[in-house]
Structure formats: C-alpha cells, structure tokens
Amino acid sequence: MGDSDPAPPPPASPPGLLEGLLQTGRFLIERGLLPLALVMAPLLYQRQVARDAEQARIEADRMAQREQSYRLYTEMINRREESDTALRRELFTRLMGNLEQQNRNIEQRLVALEMLSLNFHDTLHVGPLFAEVDRLIALEPLPRRHRLLVELDRIVAQVKGRQAATLEIDGAKYDWAIQLTELYDGSPALTERFSLARPGTSPQAAGPAARREFVVDVLSHDPLRRRLYVVVSSPDGGVDRPLGFWVDPYDLPLLSFGRLSATERFALLLDHYDPNVGFAMLRLIYFPSTRSATKDRPYIDDLINRLLPASVDTAARLAGEPPAAGPAASAAAAAGPMPAPAAAR
C-alpha cells in the first residue's frame, strides 16, 4: 500500500437508528414532558401568585400596624400636650394673680415668682417682674432687705443658670472679672477683646472662618440699680457697628439677646455685682439661633432663603448679581446689618 492511498471511510451507522432515536424523543416529549409542563405551569403560577399575595398581605399588615402605632403615639402626644397646656394655663393665671394682689407680702411674691420663672422661663420674660420685686425690697428695713435680696438673687441665678446651660450646649462663653473701682467719672472704658469658636466648629479651630472676634467695653455702672453700661462690637464678618445697652442682674439670656447675623446670637449675663467690694462678673454667651427661645422667630425672607437657595441664586443671576457662595453667604446677605439688642430686649 502506497502513502498516496486515501484513508478508508468511517463505518456507516445502522440504517434507521437516528430516526428511531428522534421518534423516541418526540414520543417522550409529546406524551410525557409536554403534558407535565401543561399541568405544572398553572400550578407553579398559582403558587407564585399566592406567595406574592401573602407577602403583600404581610407587608400591608405591617404598614397598618406601623400606622396604628404612629396614630396612637400622636394621639398620646397630643393629649399630653393638651393636658400640659391646660395645667400651665391654670398655673400661669394663679401665679400672675398672686403677683398682682397688693396684699401679698414679699415672701409670697418671691414664692410665686420662683414658680413662674421655673415653669415659664423659656416663653415669658420675667426680668421686669424681678426688677419690680427688687424695687419693693429696696423699701424694706436694712436687715430684712438683705435677707430678701439674697433670696431674690438665688432665684435669678437659678433661672439664668438653666438658660445659660441650654445655650452653651452648642455655643461658647467668655467670663470677665471687672474691677468697679476703675470705673469713675472721666475714667477710660474697660475693654476686653477675645474670640470665640463659631457654632458648629471646634473650640480649638483658628482663623476668621472658625472664630468670631468680640470687643466688649464697659463705660460706667449704676450702683443704685446694680447695672453696667456695656458696648459690644464684632469687627470681623463686616459687622462693626457698636451696640450699647444696660445690663442688670435680671437680664435672661434666652429672651434677652443680640443678633449678629441670621444664624448667630449673643447674650450678656451679669452673674455678680457688688459695688461695696468693687467687683462684677460679666459673661458673654455666643450661640446659634436654633438654641434661642420661641421669641426669636425667623423672618419670612430668611425662611425663603433657607428653603429655596437655588431660587435665590437664580434670581441673583437674572438680576446680574453673582450668586451666593454657599449657605453662609446667603445667610449673611439675608441678615443685613446687625440690629441693636434693645429690640430683642
């Protein structure tokens, strides 16, 4: 056999084998698998539908239970608020009636004033009531006057301590010991310059963006009414107009404050005043507007600028003005010049 001879062909399949396999497969499909598929498909579909319906029912029951819990919680809160409001209304009416009665002695007025200030110090400015009791105490004999004045100072310190603790949670403070002997007619003002961390920044942060500078000047004091005349200015941030006002022991920081911007506030507290030893302690609290009481309601334009910052920038672009750089710039632009704290007082 030579190398050029062709290879022998493969053996041929038996005739009819392939056709037999095809017929067997067709028979199995037609008589077995196809009827089984026709029977099982609806069953599987019904099972999936039932499973989806059960899952939807469980989710609906969960949502209904959650809504019922929310509704029950809301009703409980509303009922509690209604009962608390009714109780506070009755308490306020009785306490104010006790303070207005002329036949009440000073001890009874102090008790009513303490209850009133502890329950309504965040909504009612009780400073004038403290000042009125102070004027009544000044008419008493000296030994009794001293005892009543100590009790009045205790009540005031308690209320101011609560309010100051609330503001200092998200704010910063600065205490200044003042020598009253250095204040006399013709004497220069006592000046203190310091900086405090802006709300939301670390107390250790530095720089104008993280800290606000304050300049506090004490020009004079009034021993008869136990008060200081203070001028406050904040040179950085474009707010350099000095603000002057009297500070007495009955100024409460939660309702007696000054506005630095749309979101920044400050308050002054006269923690101690003793002209006999020539010493006073003044405290400045710097805090965000979110911590102030209900009296510090935002203006309509401030709300619009906070809720629709994109609309404000669009309006600025249409007017040919550059848009604000961010929320801080928008708040500073909406705030305008710093108003005098006398308006807030």
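This is a predicted model: local features need pLDDT of at least 70, side-chain atom pairs count only at pLDDT 80 or more; totals for chains, interfaces and linings use all residues.

Residues are numbered from 1 along each chain as its sequence is written, and side-chain values use heavy atoms, leaving out hydrogens and water.

Helices (H or I, at least four residues) and strands (E, at least two) are DSSP runs, numbered from the N terminus. The axes of helix 2 (residues 106-120) and helix 3 (residues 127-137) come within 11 Å and cross at roughly 165 degrees; axes are lines fitted to C-alpha atoms, for helices over the stretch in contact, with angles from 0 to 180 degrees between N-to-C directions. Helix 2 is therefore roughly antiparallel to helix 3 (under 35 degrees is roughly parallel, over 145 roughly antiparallel, 65 to 115 roughly perpendicular, the rest oblique).

Let us turn to charges. A salt bridge is a side-chain nitrogen of Lys or Arg within 4 Å of a carboxyl oxygen of Asp or Glu, and by this rule there are 19. One of them joins R154 and E114 at 3.2 Å, N to O. R154 lies in helix 4 (residues 142-168) and E114 in helix 2, 40 residues apart. Is E114 buried or exposed? E114 counts as buried because its relative accessibility is 18% (buried means under 20% relative accessible area, exposed over 50%, partly exposed in between, with a 1.4 Å probe and protein chains only). R154, at 37%, counts as partly exposed. R154 also meets E151 in a salt bridge of 2.6 Å, N to O.
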